Amino acid sequence: MGDPRDAVVLLCKCGKTHKTYGIRTEKLSGKRWNMTWAFPIRESVAKHEGYDKVSVSGDVSMTDEYPGCPYCGQRNITVCECGHISCTVVRGGVFTCEWCGAQGQITDYSGEKIVADVDL
Ligand SMILES: [Zn+2]
Ligand SMILES: [Zn+2]
């Protein structure tokens, strides 16, 4: 409340529990963003708050204090081409987007940094 810094809440879905959580993301400068916190949120509440329409573009990094997914502890997230993010849960080498069901192979993914390139 009253945080002077620019911050948004990105909605993410957990690929293990299929639950929704919010990721508090602070704007550093220009197109750099830092994820600082994750917290469980009900999807209905998130939609009411408009969090499902929030997107960022540019470089998104995680701070050391970023706790990971509140459900499964996963610190890696994957941005789908649909613009939504999910915990990186890979089954048989295939990642499935929790939002749109798209599937893809994950290759050479460090998890240290994601690049979100989403049109508002
Ligand atoms: Zn998770
Ligand atoms: Zn998707």
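User: What should I know before I start?

Analyst: The model is predicted, so local features need pLDDT of at least 70 and side-chain atom pairs count only at pLDDT 80 or more, while totals for chains, interfaces and linings use all residues. Residues are numbered from 1 along each chain as written, chains are lettered from A and ligands numbered from 1 in written order, and side-chain values use heavy atoms, without hydrogens and water.

User: Which residues are the protein donors of the zinc ion (ligand 1)?

Analyst: Donors are N, O and S atoms within 2.8 Å of the metal (3.2 Å for Na, K and Ca); water is not among the atoms, so sites may look incomplete. Here they are the SG atoms of Cys14, Cys69, Cys72 and Cys87, 2.3 to 2.4 Å from the zinc ion.

User: Is Cys14 buried or exposed?

Analyst: Buried means under 20% relative accessible area, exposed over 50%, and partly exposed in between (1.4 Å probe, protein chains only). Cys14 is buried at 0%, whereas Cys72 is partly exposed at 26%.

User: What does Cys82 touch, beyond residues up to four places away in sequence?

Analyst: Contact means heavy atoms within 4.5 Å. By that rule, Cys82 touches Cys97, Trp99 and Cys100. Cys82 is partly exposed, with a relative accessible area of 33%.
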